[in-house]
Amino acid sequence: MSQDSVIQANGLTKTYGSATAVDHISFEVGRGEIFGLLGPNGAGKTTTILMLLGLTDISAGEVSVLGFNPAREPLSVKRRVGYMPDTVGFYDGLTAADNLRYTARLIGFRVLEREKRIAEALDRVGLADVAEKRVGTFSRGMRQRLGLAEILMKGAQIAILDEPTSGLDPQATAELLGMIRGFKAEGVSVLLSSHLLERVQSVCDRVALFSSGKIALMGRVADLGREVLGGGYVVDIEADGAGLAERLALIPGVSGVEKTGIGKLRLHADRDVRPEAAAEVVALQGRLKFLGVQEPSLEAIYTRYFEAKKPEQAVQEGARHAA
Amino acid sequence: MQREGSAFSGLGVVVLKELSDHLTSVRMRVLEWLVVLVALAALYGAIQQIKDTTAEDPFLFLRLFTTSRDPLPSFVSFLSFLVPLMAIGLGFDTVNSEHNRRTLSRILSQPIYRDALLFGKFLAGLITLSISLVTLWLLVVGLGLLLIGIPPGAEEIARSFVFLLVTIIYAGVWLALALLFSILFRSAATAALVTLGLWLFITFIWPVLAGAVAQAIIPPDPRYTALGLQTPGTAELEQILARLSPSTLYAEVVVALLDPTTRALGPIYLSQLQGAVLGAPLPLGASVLIAWPQIVAMIASALLLFVVGYVIFQRQEVRA
C-alpha cells in the first residue's frame, strides 16, 4: 500500500492557541482510491484538507502529497491536486467558461490547450450548453458540477472534495456521486469529506470516521461494520412454506430468526447465509419472493461505536449530525 | 526556509482579471461620470475667475488647478476629496468579497502564492485609479487650453505632470488603507464604513485636533501671544502632528508644486529670507525638493499600510 499511496499523513496535528482542531491523525490514500473523511461538522475534516493543500500551517506531524511536502512545496502540490471547497464559489458576473479560463490562466495553460481542456471538462459534467451563461444564474448543483469541471480541466492526480454533496437534492447527489466514480475510473484518487454518512458510503472504498479531531475508525465500510456491529450479517427473506422459520434456524451460523411481517423473516448470522436459506425454501417447495443481505450502514456503525464509548457524547453528536 | 518558485507567478493573470472586473463594473461607470462632472465644474469656476482677473501671470495655466470661485472649490480641493473616495470605493471589498463569494480557497488552491493575489489586486486598483486620474488631467488640460487660449509653457506642463504623479501616489495611500480594512473586516459594509470614518477623521478632524493637542503639550508662550504670534515650539509640534495625515501631506505638496513662489512649507525664519527675492518663482527642481519629504512620506505610508495588510493576509485562515 505504502508503495502506491498518493497521500501519507503521519501524526498530523493542528492547534489554534490551546484548542486542538486536528489531533495526531495518520492515514494513507492509495492511487485510484476513493477515501472518505467522515464525521460531524467541526470534527477537523476541513482543517485536515487545508493542511494537505498547504493552505494552513501544520502544527506538528508530517504529510506528503504525491511525494511533496505541502508546507515547503505548495506550488508543486497545488499544480497536481484539484480542490473543491465546501459550497464552492465562483465569480457570479463571469460565465462558466470564463471562470474556468481564469483558473486555467493561473495554472498556466497555453491558450489552445486551455480552450480544449475547458470544453472537454464542461462537456464531461454536462454544462457544455450553459458554458457562456453567467454563473450567477446557476443552481447549487450546477456550481458543484462546475467545481468538478475545474478539477477535470486541471488534469489533477488527486481530487479533494470538501462536502461535495451538501445542500444537493437526491438526484443531483446521485449525479455528483456518479461523476466522482468517474474520477476513480480514470485513476484519479479522490479524498472526500462529508457529514452525511449514508450518502457517501456507497462511493467510498475506505473511510476514516472523525470525532473531535481524531480518527476514531478507519477501514472499509464492510470491515468496520463487522468490527463494530458485532460481526453480524442480517439477511432478510420473504417466502412462504410451512415450518420455514424452524428449518432456517438450523442452518449452521444462524444465531436467530425473527419474524418481521407476514411471510417475512430476518436472519442474524455470522456469515452470508443467503445460498443456504434459498436452498431451504426450495426444499420446502416454497416460493421465494425476496432475499437480501443488509449492508452495514455507516450511520449505525458510527452511532454504535460512540454509544459503546461514551453514551452521552454520542447522543450529542447524533443530534448535531441530524441538525 | 526558502519558498519554492516565484511569489509573483500568476501576478499578471490576477492583475488583468481584476482590471477587467474594475473597468466593466458599475462602480467604474459612476467614477467616470464623477470625473467628467468634476472636471467641468472645477474648470467652469476657475475660468470664470481667471477671465475676471486679467492680471499678468507667468503661470496662468497652473491657476486652472488652484483657482476657485465661490461656491465651487478649486480643482485641487475637489481632487483631495474625490481621490480618497475613489480609492476607498474601489478597494473596500477587495479581499472580503473573495471570502464572501467563497472563491478565495478555490483560487488559492491553484499554483499561486497569496502574494500574487494581494499584490495583483492592489496593482489593478492603482492602475484603474491612474486611468481615471490621467483622463481627468487630460480633460482639464485640454479644456483649459481651448478655453483660455494661451498655450502652457514647458515648466507648467512639467509641474502639472508631477502633480498628477503625486495625486496617483496619494490615491495609492488610500487604496492601501482600504485594502487593509478589506482584509481585517469580513463584512464589506463594515470595512467601507470604517475606512470612510477614518478618512473623515484624518482629513477633517485631525488637522483641528492637531492644534489642540500641540497646545496641550507645549502651552503657548504668553510673550508671543501678546505680540499676536504663534509660539514657535507649539507651531512646530502642531505641524508635525498634522503631517501624520496624508491629506495634509498632499495639500502641502500641491502648494509647493502648483504655486512656484512657495519657498517653504511651514514656519519661515527670518534667516531663511536673507537674500531671497520675495514673490520670485522657484525652478521646478527646487519646488520638488521642497515637497520631497512629503512625497517620500506618502510613498512610505502607502508601502507601510500595504505591508501590514500583507502580513495579516498571509496569516489569515482561508476557510470561511
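Helices here are DSSP runs of H or I with at least four residues, strands are runs of E with at least two, and both are numbered from the N terminus. Welcome to this predicted model, in which local features need pLDDT of at least 70, side-chain atom pairs count only at pLDDT 80 or more, and totals for chains, interfaces and linings use all residues. Residues are numbered from 1 along each chain as its sequence is written, chains are lettered from A and ligands numbered from 1 in the order in which they are written, and side-chain values use heavy atoms, with hydrogens and water left out.

**Chain B at a glance**

Chain B has 14 helices and zero strands. Its C-alpha trace spans about 65 × 50 × 40 Å along the principal axes. Of its 320 residues, 47% are buried; buried means under 20% relative accessible area, exposed over 50%, and partly exposed in between, with a 1.4 Å probe and protein chains only.

**Salt bridges**

A salt bridge is a side-chain nitrogen of Lys or Arg within 4 Å of a carboxyl oxygen of Asp or Glu. Over all chains, the structure holds 24 of them.

| Pair | Distance |
|---|---|
| Asp92(A) and Arg143(A) | 3.3 Å |
| Asp236(A) and Arg266(A) | 2.9 Å |
| Arg159(B) and Glu155(B) | 2.9 Å |

Let us start with the salt bridge between Asp92(A) and Arg143(A). This pair links distant parts of the chain, 51 residues apart: Asp92(A) sits in the loop between β5 (81-84) and α3 (96-107) of chain A, and Arg143(A) in helix α5 (residues 140-154) of chain A. Asp92(A) is partly exposed at 34% relative accessible area, while Arg143(A) is buried at 17%.

Next comes the salt bridge of Asp236(A) with Arg266(A). Here, too, distant parts of the chain are linked, 30 residues apart: Asp236(A) belongs to strand β10 (residues 233-239) of chain A and Arg266(A) to strand β12 (residues 264-269) of chain A. Asp236(A) counts as buried, at 16% relative accessibility, and Arg266(A) is partly exposed, at 25% relative accessible area.

In chain B, what separates Arg159(B) and Glu155(B) in helix α8 (residues 154-184)? About one helical turn separates the two, because they are four residues apart in that helix. Arg159(B) is buried, with a relative accessible area of 0%, whereas Glu155(B) is partly exposed at 29% relative accessibility. Elsewhere, a network of salt bridges links Glu18(B), Glu98(B), Arg101(B) and Lys121(B).
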